[in-house]
Structures are given as structure tokens and as C-alpha cells.
Amino acid sequence: MQETELHDLSDDADYAASQLQGSASMMRSDSISKQSSSSDSDGAEIVYSKDNVTIHPTQFASERIGGRLKLIKQGSSLFMTWIPYKGQSSNARLSEKDRNLYTIRAVPFTEVRSIRRHTPALGWQYIIVVLSSGLAFPPFYFYNGGVKEFLATIKQHVFIVRSSEDANAFLVNDFQNPLQRTLSSLELPRAVSVAIEPSTSFSAGESSSNENQQRTDGGFHNEVSSISQYNAKQRQKVHDPRDLSIQVLEKFSLVTKFARETTSQLFRESHGDGYGAIERRNHDQSSFDYPERVSSVKENIPDEIPVPSDPLEKISCLKHNHVEEAATNLGTFELISFKEVDRLTLVWGKPRQPPLGSEEWVTFLDSEGRIVDSKALRKRVFYGGVEHGLRKEVWALLLGYHSYDSTYAEREYLRSIKKSEYETIKIQWQSISPEQAKRFTKFRERKGLIEKDVVRTDRSFSFYDGDDNTNVNLLRDILLTYSFYNFDLGYCQGMSDLLSPILFVMEDESESFWCFVALMERLGPNFNRDQNGMHSQLFALCKLVELLDSPLHNYFKQNDCLNYFFCFRWILIQFKREFEYEKTMRLWEVLWTHYLSEHLHLYVCVAILKRYRNKIIGEQMDFDPLLKFINELSGHIDLDSILRDAEALCICAGENGAACIPPGTPPSLPVDGLLLYTQQDDVL
């Protein structure tokens, strides 16, 4: 399974400008690197330096930030730094202060989990560095090449191995240990490992003076100083790199007491700020400079602590006569005192409507079956959902299987064509003989996993209940056919959860398959081997909580919960196990409208967390009890209230909320003509 490839289709003029900039930067760096390339008083040595390595904070070419990427060796430790060029000429909207937030100073490779190389058919090569916390730095685009040399240099100084599952992914310090073997014995199939270990941040937030230091090689002394600080702190700690199955997080409450205590300890020992370059800001700076700043939670927390007030009581997106303004890294906000957060719901969270019925449905169609106003339809579904009898038609439109401007005749013709195409794909695996299967390991593995999963998917629901249920067999056949249709992605646990309601609604094997294909075009990155799609969503969720409820964000930070793994199941299968079957279908059709945001599911996460914030903070939950509490919410969440709150939060966050979500974060629709899953190539 491989991650979605994001191709850079910049025009030739932009690329030429970047080349000129890189050439000038390289000339500027030669004299500096010669002065300090070998060593200094602290024994630091630059073993790799590359100019014109650029990050793309937004989709605007003018806001790209170029800089110098270096690998620095000191003693037996290897560090990575990336420093943006100072005074870079640009008409970018990003301020110099904002640009400095991306500075990476002295990140040790003991805190790096993996490196993923991407080679688009068009554009520049880039890499994604994933930290042991499970989160990643922004992609580094190598405008002048040098990715292969970068990886080769790392290999000379750090234990790095190619992933057995993905030739373009490289695992750093990937040592199997007794804990991993213990977790493996719990029989959690196809667990995805993420290393969790202590980490230390070396950002502009380390000291207030660092923020104004020059971001050029003239600051090499500062980088070495950061390395020295790291080494001094490491002498006070004992590093114990460990692998941890993400699926343990989902099934935490079912694990033995020993495993529960051990896993909890791993997270309590984990990273400091954990967000690398994107989180480079002063540790004392809150997202909102509101007057009554809530003090940080102390290490020695008393039995009962006061719960900080919800900052949304003081934030308004409406215009008032008497307001204060607070400038933050995300923009300027108006501050106003609200007594109750529910007032936001009353202002923005519109009451839910009855589901769309047959009589109203025909008003959206012209005489030939085209949707007259697709936005109006999506808005109507957003606020009320769809009656079950109409879902078969409406879901196919919401998922993009049928286009809104298609006629009755065109949709019927497409069904016949797609049915034939489905049968052609299906026969590929049906025609595999037992002798062939003996020599087809990947097929045997996927078939076995699918057969194991479908017999435990929604079996309490009448549609899949009972022995020898034909619908369970259809579930298996569709998933096996999809594993041949999208062989790069194949099958992963969780896909059967996503297919189950679709098959129930469509009641047709071929139609269900193609609607599932359309859904996986959006959610496929959730199942990538490197989990980059999931990490980008968890990171965006963290930033949204920081924006919309900074005291809750600070509480999670104090309790080492900023990885947000306790929300992993919510995002992976779109709250499938949190609501009753009918409510899950209603939630999905609301999310699929993309009416307010294509990432409304993240605001749903924030809404649930805010709904229970007083209990979480008041009972002083760290990761272990928090995960247990979140899992036990299943079946106890009021969907209508949460949807209203999510709508209010989305409107309140506005453009600042959208800026918290990196471009391409699932479930973004794929760009036409681009491959979702890249082919493997040789590295090193």
C-alpha cells in the first residue's frame, strides 16, 4: 500500500526562477561552508548540505520558502537542520515571523521514525520525514536534486533499512524489541507500527532570542549550540526506542493489565511538543491572547482542579460594536465575552431538518433527470440527510459515481457499462486455480484477511445476520475484486466497515463496488502503509483544537496526548463504530456533501471533544483513561447536537480553520489524471 502522490505542476517560469535562486544561494553558501564544513570546537561536522530545498506551506507558488538542508554529525549522533533563506525576495503573504516558524534546528535522528521518497512524473522529487511521534515535517522539495545523496549520507551514519512493504520508505533505527513481540502476541492483525520515544524540540520557542537569529549558515554556531543542548539533555534521559502497534490504541481496553500499563508509560514518556517545524513557536504563547489566560497544568495536579473556560465564549465571528482584537500566528481575531458556549450553537448551528423525501427530491430534477442546482441539493442533504428509499440514487451522486448533470438514460447506460467492467475484474481472481494460488502469496494473504474480516463485520445487523448469509459473501467478493482493481492499495482492515453500509443501501454488487471505489478515491490515503494520510488528519485536528479550544489543547500537551491517537478510529472509518447503523449513514451523507468543508469530519471530532472537555480535564485523564473513555463513548453520542456544534465550529474557524488543514489532507478529492499510489523505484 502506498501513499497518494501529489504532483507538482508548476509552470516553467516558476521552476526557472527557483533554479536561479538556488544557484545564487549555493554560491553564497560555498564560502561559509568552507569555513565551518569540517568541525568546530564542539566537534560538529557538516556531512551533507543542499541548497534550494523548499517547502510549500500553501498552494501559492509565491509563498514557497526556500532554504538549506544540512546533516550535521557530532560524536555518534546525526542531526538534521533546515534553515530558510533570510530576506528572500517574494510577494508572499507569509510574514518573516511566520516563515521562521518552519525553521528546523538540530533534530536528532533518534527522533526520526521514517523517510519517504517521492518521485512524481512531473515536478520535483521530495521527501517526507516522519517523527517518532508519528507526525511529519512538511514535504521537502529538492529543486536541484540530491535526494539519493541525502539518503546515502544518512545510511553512512545511522541504521536505516528499506521497508519490506514499500521500496520508497526507509525506516530509521527500526529495532525489534520484546514489547513489539508481546504486542504481536495479542493477535492484532495487520498492525501498523509507530515508534514512540522521548523527543526534544529545538525551535524558535526554545528561547525568545532564537526567533530573531539569522536563518543562514552564519547561524551554524547556533545549530551546534542546539546540538550541545540536546546532548546535555540526553545525558539526563535513557532512550528506549520502541515500536507500538496503532491498533493497540483502538483495542486498548481489551488488552491485559501489563500491556495497558506499559503502553501508557510509553506515551507519558513521549515527545515534548512533537510537531517539528510546523509547531515552531514560543512555548508560552497561546493561540489566542485573551486577557484571562489559563495557567498551565502543574506536574503535581491536585485531586480536583478547576476546568478552564471554553475560549469560544470569548470568540465571535460576528460584528459587534465593542470588540477587542487579538493578533495570533493564524491571524487577527475579534474577542467578545459570551456566557455560554451554547450561544454559538444558537447563532450558527441551525436546527436539523427532516430527511429529504421523494416529493421534494423531484423538485431538484429536470424532465430528463439532471440535478438543476447541485449546491442546493447538497445543502438540503447537509441539514437533513436522505430518506432511506432515496439513498441509492442520492449516494451515487454524492460520491461522484454519477455526475449531477447526467440524465436518467446516461445513468442507466453507465450502470450497464460498469457492470460489465466489474465482471471482467472479478473473474481475474475467480479464475485463479488452487495451483496458482499456491504460488501467489499476496493473493492468499489478502483473501485470507478479507474472509476473516467479513464474517465479523456488522453481523448483529439483520442484513448480515445468520449463517451462510449471501450478503456476507457479496461483501467478500466486492473486497476481493477491489484488491485486484487497486492492487497497489489492496485490502486493509477497516475497508469492510466502509463497504458494509454501501452494500446495504445499493443492494447491487456492481453498483456497490463502484460507489466503494469512489469513496476510496477520497479515503484511500487513510490506509497507506506510512499512515501519512492519517497523520495529516491527526495533525490538522490538533491545530483545530488549538485554534478553537486552546485550554484543552494545552491540557493535552501537558499530558502527552498531542498525537491524538485516541481519535484514530473516528477518522479511519468515519465514526462507523461510534453511532447506530442508521445514524452512521446519516452522518456519512452529511459529510459527503462537502457543503461547508470537505473536512467537516475533523470539526465533528473537535465538537465531540469540546462536548466532553469538562469531564476530560476535570477527571485529569491522561492517555490511558482518555482512550478508554473515548472508546466507551460509542453509542452514546447525540448525532444531531454534534452536527450542529460542528457546523458552528466550522463557521467560527472560517479561513483560519481551513489554513490549519494541509492541502491534500483526506478526504480531498484526487486530481484528475494522477496516480493515487506511486510505483516503487530503487533508492540507494
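1. A residue is called buried here when its relative accessible area is under 20%, exposed when over 50%, and partly exposed in between (1.4 Å probe, protein chains only). On that scale, 57% of the 684 residues of the chain count as buried. Keep in mind that this is a predicted model, in which local features need pLDDT of at least 70, side-chain atom pairs count only at pLDDT 80 or more, and totals for chains, interfaces and linings use all residues. Residues are numbered from 1 along each chain as its sequence is written, and side-chain values use heavy atoms, with hydrogens and water left out.

2. Overall make-up. The chain has 25 helices and 13 strands; helices (H or I, at least four residues) and strands (E, at least two) are DSSP runs, numbered from the N terminus. Contact means heavy atoms within 4.5 Å. Among contacts between residues at least 6 apart in sequence, 74% join residues at least 24 apart.

3. The sheet. Nine strands make an open sheet with antiparallel pairing, in the order S4-S3-S2-S1-S7-S6-S5-S9-S8. Two strands pair if DSSP finds at least two bridges between them. S4 and strand S8 (160-162) sit at the edges, each with a single partner strand, so one side of each has no neighbour in the sheet. From one strand to the next, the twist averages 30°. As background, side chains in a regular strand alternate between the two faces of the sheet.

4. Strand S3 (residues 77-84) runs antiparallel to S4 and is joined to it by 3 bridges. If you want a pair to click on, phenylalanine 79 has proline 108 in S4 as its bridge partner.

5. Another strand pair. Strand S1 (residues 44-55) and strand S7 (residues 140-142) run antiparallel and are joined by 2 bridges. Here valine 53 has phenylalanine 142 of S7 as its bridge partner.

6. Histidine 157. You'll find this residue in helix H3 (residues 147-157). At 26% relative accessibility, histidine 157 counts as partly exposed. Leaving aside residues up to four places away in sequence, histidine 157 touches Val47, Lys73 and Leu78.

7. H21 against H25. Helix H21 (residues 581-592) and helix H25 (residues 639-659) pack at an angle of about 15°, with axes 11 Å apart. Axes are lines fitted to C-alpha atoms, for helices over the stretch in contact, and angles run from 0 to 180 degrees between N-to-C directions. H21 and H25 are therefore roughly parallel to each other (angles under 35 degrees count as roughly parallel, over 145 as roughly antiparallel, 65 to 115 as roughly perpendicular and the rest as oblique). H21 contributes Lys583, Arg586, Leu587 and Val590 to the contact, and H25 contributes Leu639, Asp640 and Leu643. By class, that contact has 4 nonpolar, no polar and 3 charged residues. Ala, Val, Leu, Ile, Met, Phe, Trp, Tyr, Cys and Pro count as nonpolar, Asp, Glu, Lys and Arg as charged, and the others, Gly among them, as polar.

8. H11 against H21. The axes of helix H11 (residues 388-398) and H21 come within 11 Å and cross at roughly 35°. From H11 the contact takes His388, Arg391, Trp395 and Leu398, and from H21 it takes Glu582, Met585, Arg586, Glu589 and Trp592. These residues divide into 4 nonpolar, 1 polar and 4 charged. Arg586 of H21 is listed in this contact and also in the one with H25.

9. Backbone spots to check. Most residues other than glycine have a negative phi, and most peptide bonds are trans. Glutamate 507 is not a glycine, yet has a positive phi of about 55°. Glutamate 507 lies in the loop between helix H16 (495-506) and helix H17 (509-523), and at 61% relative accessibility counts as exposed. Glutamine 574 also has a positive phi, near 55°, and is found in the loop between helix H20 (568-572) and H21. With a relative accessible area of 6%, glutamine 574 is buried.

10. Which two residues does a cis peptide bond join? They are proline 666 and proline 667, with omega about 5°. Proline 667 is in the segment after H25.
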